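Please read this briefing alongside the sequence and the 3D view. It takes a pocket, a pair of helices and a record annotation in turn.

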Amino acid sequence: MSTASWQTSEHKFVPSRKGDRRAPCPALNAMANHGYLPHNGKNIGLWQLILALRQVYNLSFPLAAFLALAGMFLCGHALHLDLDALAAHNKIEHDASLVHGDTEMGQHMAPTCVDSRLLQSFLAQADTKTGMSLKGFAKLRIQRERGLKRPLDMVHAAIGKGEVGLSWLLLKEDNGRIPYTRLYQWYGEERLPDGWHKPSHEVGLLQARQKANEVAAFMRQLKGWQDPV
């Protein structure tokens, strides 16, 4: 798919408006903001979500179906989903998001708006010229998980590693790094970055699992030399 196709009139970037529903997930919000999902973020069907994940991010059918079904069963209704339902705390969503604030004590829904302070801290870990590597994402995961009032359980810690591993697979260039502007546009503006195109090869379950394991290995390695909390 050519890079120009992301900016056709049908899929032009339109930021969310009052009343639109969004998730604590840049990948899904970008699809809604470009019209690959309903712009209002409401009543998204299972098959609709699977097709959009495959079309926009070139996920394999098993991976797209796994992610869509998990969202529907844990946060949806009758195999349909409103994006903001994914903010239900500690279902799929978890504390220590890279650019979203933690859920306040006593609250059941996490913030869905990008936290400007966290975004700046996130971008500060990326080189403005060379971007960010997978190891850089591992450093960010350590940084965000350090000092949590409520440490992540094993399931949500694994989800966090899987999220950054998959993000790296989707956004990286051939040199294995993600450009700074691409990080800002996807995480900060929740849009498909300028000049970006979906991965040329399908991203599958095994590949995503391998990258999550690499993130975990980097985190173990990095914690060996980091100062104690």
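**Briefing on the predicted model**

Sorted by class, the residues that line the second largest pocket comprise six nonpolar, five polar and five charged residues. The structure is a predicted model, and the points below are grouped by topic.

**The second largest pocket**

- The space that lies in the second largest pocket comes to about 320 Å³, and of the 16 residues in its lining, Leu169, Lys172, Asp174, Pro199 and Ser200 are the closest to its centre.
- Helix α6, which covers residues 154–171, provides three residues of the lining of the second largest pocket, and this is the largest share.

**Helices α1 and α2**

- Helix α1 (residues 26–33) packs with helix α2 (residues 46–57) at an angle of about 90°, and their axes are 11 Å apart.
- Because of this angle, α1 is roughly perpendicular to α2, given that angles of 65 to 115 degrees count as roughly perpendicular.
- On the α1 side the residues in contact are Pro26, Ala27, Leu28, Ala30 and Met31, and in α2 they meet Leu49, Ala52, Leu53, Val56 and Tyr57.
- By class, this contact of α1 with α2 has 10 nonpolar residues, with no polar and no charged residues.

**An annotated span**

- An unreviewed UniProt entry places the feature "transmembrane region" at residues 59–81.
- In the predicted model, the span of residues 59–81 is 65% helix and 9% strand, and its end C-alpha atoms lie 19 Å apart.

Terms used: Residues are numbered from 1 along each chain as its sequence is written. This is a predicted model: local features need pLDDT of at least 70, side-chain atom pairs count only at pLDDT 80 or more; totals for chains, interfaces and linings use all residues. Side-chain values use heavy atoms; hydrogens and water are left out. Axes are lines fitted to C-alpha atoms, for helices over the stretch in contact, and angles run from 0 to 180 degrees between N-to-C directions. Helices (H or I, at least four residues) and strands (E, at least two) are DSSP runs, numbered from the N terminus. Angles under 35 degrees count as roughly parallel, over 145 as roughly antiparallel, 65 to 115 as roughly perpendicular and the rest as oblique. Contact means heavy atoms within 4.5 Å. Ala, Val, Leu, Ile, Met, Phe, Trp, Tyr, Cys and Pro count as nonpolar, Asp, Glu, Lys and Arg as charged, and the others, Gly among them, as polar. On a 1 Å grid over the protein atoms alone, a cavity is a set of points where a 1.4 Å probe fits but cannot get out, and a pocket is an open set with protein on both sides within 12 Å along at least five of seven lines; lining residues have an atom within 4 Å of a point. Grid points are joined across faces, edges and corners, and a volume is the space filled by probe spheres set on the points. UniProt positions are given in the numbering used here, feature names are shortened, and annotations may be inferred rather than shown by experiment.
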